[in-house]
Structures are given as C-alpha cells and as structure tokens.
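Biologist: Could you walk me through this model, starting with its rings?
Modeller: Gladly, let's look at it together.

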Amino acid sequence: MKRREFITLLGGAAAAWPLAARAQQGERMRRIGILQAAAADDAEFQARVGAFLQALALSGWTIGRNLRIDTRWAGGKADDIRRHAAELVALAPDVILTSGAAAVGAMLQVTRTVPIVFPIAVDPVGAGFVDSLARPGGNATGFMTTEYSISGKWLELLKQIAPGVTRVAVLRDPAISSGTGHSVRSRPWRRRSEWRSARSTCAMPARSNVPSRTSRALRMAA
C-alpha cells in the first residue's frame with residue numbers, strides 16, 4: 001500500500017478501504033510518530049490521542065501487530081518541541097501526526113519528505129504549512145479552523161437579518177496576525193471570497209476594488 005493511501009487513514013477515510021486491500025498488507029508493521037505540544041498529563045490532549053487510537057483500532061490497525069506508535073510530549077516548550085521533532089523523524093515513521101503551529105513548524109524544519117498531518121490549524125497557508133488550500137503541495141496536510149469562504153455565510157446571515165442592506169464594510173485589526181485569513185499569504189483568498197459573496201448577496205456593482213497586487217497574487221496561486 002502506498003504511503004499516500006496510508007495518510008488517508010488520518011483523515012477518516014480508512015474505514016472505506018476494501019478489506020481485500022487490508023489483507024494484502026499482511027502483518028507489515030507501520031510506524032506513526034505523534035508530537036504533542038502539551039504536557040503528558042494534559043487531559044484534553046490525552047483524550048484526543050485516545051480517540052485517534054480508537055479510530056485506528058476500528059480501522060484494523062493494532063499496536064504491536066501491524067502498527068507501532070512513538071509519542072512525544074513537549075509541554076509547550078520550544079526547545080523540547082524541536083528536540084522531539086528531530087527524534088521522531090530519526091525513527092523514520094510512515095507518517096507524523098502533530099498539532100499546534102509551533103509543533104507543525106518545527107516538524108517541517110526537520111523534514112520535507114515524511115508526511116505530516118495536523119488535525120487543526122488557524123491559518124495553514126499564512127503559516128507556510130501548505131502552499132494553498134486547493135493545492136497544499138509539500139509534505140503537510142490537515143484541517144483549518146475556519147474555511148475562508150465562511151465569510152460569505154456571514155454576509156448571507158446579515159442579509160437575512162437586514163434585507164435592505166446593500167453596502168457592507170469589513171473592519172479588521174492588522175496587528176492581529178493569528179486570525180483566519182489575516183496573513184499576507186492567505187489574505188487574497190479571503191478578500192476574493194468576501195468580494196464574490198458581497199456581489200451575489202448584496203447586489204453590489206460588478207466593479208472590483210481589490211488591489212492589482214492582490215489580483216496578481218491570485219493569478220499566481222491559481
């Protein structure tokens with residue numbers, strides 16, 4: 001079974017794999033590295049790991065039979081995160097599961113070949129984890145907190161509440177760089193989504209005021 005197919009296990013698609021395909025893999029041992037930027041006694045993260053292990057078992061992956069898992073707990077300390085990242089990569093795992101911007105960033109600094117899966121990220125494009133939402137590229141993939149186009153849903157709700165609205169202003173604090181779509185890399189995608197939604201929802205004129213620099217970035221990203 002190809003490595004890319006194995007990654008789909010972490011995305012919840014493993015349950016759909018044909019039984020015949022699983023039988024072909026036999027008892028070959030697979031290895032997963034887990035890096036958590038939290039303390040080992042953190043109840044929330046322990047619950048997350050427990051749910052992950054349970055999902056693996058339901059999909060036919062059993063620790064000690066066809067699966068080995070190496071887990072590192074960094075406790076939120078930058079030095080420990082970097083050290084554990086290097087340790088896990090040295091073990092040559094088939095895939096690495098990690099969460100938190102610090103942990104994902106540290107892992108990408110260590111390897112650009114081992115597949116990395118992050119359960120959630122605020123802005124994976126802006127953080128440099130992926131090239132774009134449509135074409136992640138590289139060796140990292142995962143889920144983000146809020147998809148950019150959700151801005152359109154906010155406008156739709158506003159229109160339902162106040163049907164007479166024809167003009168909408170968007171106000172953000174540029175000093176807050178961690179919010180969804182705030183980064184320079186991801187901002188063009190969100191602006192485009194907001195503009196399209198505003199045009200369709202609020203009957204705005206077909207004239208775009210998106211800066212030319214943003215338009216060029218969108219063409220390059222496409």
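**Rings, core and fold**

Modeller: A search of the whole of this predicted structure finds 1 aromatic pair.

Biologist: Nice! Which class does the pair of F118 and F129 fall into?
Modeller: The ring centres of F118 and F129 are 5.9 Å apart, with 55 degrees between the planes. Stacked needs planes under 30 degrees apart and edge-to-face needs over 60, so the remaining class applies. The pair is therefore tilted.

Biologist: And how many residues apart are the two partners?
Modeller: F118 sits in strand β4, while F129 belongs to the loop between β4 and β5. The pair thus links distant parts of the chain, and the separation is 11 residues.

Biologist: Is F129 buried or exposed?
Modeller: The cut-off for buried is under 20% relative accessible area. F118 comes to 1%, and F129 has 9%. Because 9% is under that cut-off, F129 counts as buried.

Biologist: Which residues of helix α5 are buried?
Modeller: Helix α5 covers residues 101-110. The cover over its buried residues includes α4 (78-90) and the strands β1 (30-36), β3 (95-99), β4 (116-121) and β5 (140-144). The buried residues themselves are A103, V104, A106, M107 and L108.

Biologist: Which residue lies over the face of F45?
Modeller: Here the distance to the ring centre is 4.6 Å. The residue over the face of F45 is R48.

Terms used
Residues numbered from 1 in each chain as written. Predicted model: local features only at pLDDT ≥ 70, side-chain atom pairs only at ≥ 80, totals over all residues. Heavy atoms only, no water. Buried < 20%, exposed > 50% of the residue type's maximum accessible area, 1.4 Å probe, protein only. Helix = DSSP H or I, 4+ residues; strand = E, 2+ residues; numbered from the N terminus. Contact = heavy atoms within 4.5 Å. Phe/Tyr/Trp six-rings, centres within 6.5 Å; stacked < 30°, edge-to-face > 60°. Lys NZ or Arg CZ within 6 Å of the ring centre and 35° of its normal.
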